[in-house]
Amino acid sequence: MASTREEIQADLEEQVSQLTKQVASLTKAMSKRGSAALADSRESASELYEGLYDRFTDALPAMRKQARVAQKTAQDNPMTTALVGVAVFGLVAALLSRR
């Protein structure tokens, strides 16, 4: 009887040891996959940022020009500018009050 009990205990210890090794192996594999996915995500985000930065940099002169034109128009037509401002404020107030 003692022999059977010792065999069962040894068998269980062996199974626990194998399971521990498998868990460690799975943990290592998941860590590698997670690291690779993180690196891919960082690379994609970096590429996206560079693309947006390039587009913004290219568009910046045109945006500045349009801002100067809008400023000049506003200075030349103060009454119209005030009316447009009041209309926009009213539209925003109406949209916010609907919520």
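Predicted model: local features only at pLDDT ≥ 70, side-chain atom pairs only at ≥ 80, totals over all residues.
**Entry 1: burial.** I started with how much of the protein chain is tucked away: of its 99 residues, 0% count as buried. I then looked up the surface, and the protein chain exposes about 9300 Å². Carbon and sulfur atoms supply 62% of that area.

**Entry 2: overall form.** Next I checked the secondary structure and got two helices and zero strands. The radius of gyration is 34 Å, while the globule rule gives 13 Å for 99 residues, so the protein chain is more spread out than a compact globule. I also boxed up the C-alpha atoms along the principal axes, and they fill roughly 105 × 40 × 10 Å.

**Entry 3: the rings.** How many aromatic pairs does the count come to? I got one aromatic pair. Tyrosine 49 and tyrosine 53 form it, and they are stacked, at 6.2 Å centre to centre with 25° between the planes. Stacked needs planes under 30 degrees apart, which is the cut-off I used here. I wanted to know where the two sit: they are four residues apart in helix H1 (residues 2–76), so about one helical turn separates them.

Are these tyrosines exposed or partly exposed? Tyrosine 49 counts as exposed because its relative accessibility is 57%, and exposed means over 50%. Tyrosine 53 comes out at 47%, so I put it down as partly exposed.

**Entry 4: charges.** Last, I looked up the charges of the protein chain and found 13 positive and 12 negative. Their mean positions are 17 Å apart.

Key. Residues numbered from 1 in each chain as written. Heavy atoms only, no water. Phe/Tyr/Trp six-rings, centres within 6.5 Å; stacked < 30°, edge-to-face > 60°. Buried < 20%, exposed > 50% of the residue type's maximum accessible area, 1.4 Å probe, protein only. Rg over C-alpha atoms; globule rule 2.2 N^0.38 Å. Areas by Shrake-Rupley, 256 points an atom, 1.4 Å probe, with all protein chains shown as cover. Lys, Arg positive; Asp, Glu negative; His and termini not counted. Charge placed at Lys NZ, Arg CZ, Asp CG, Glu CD.
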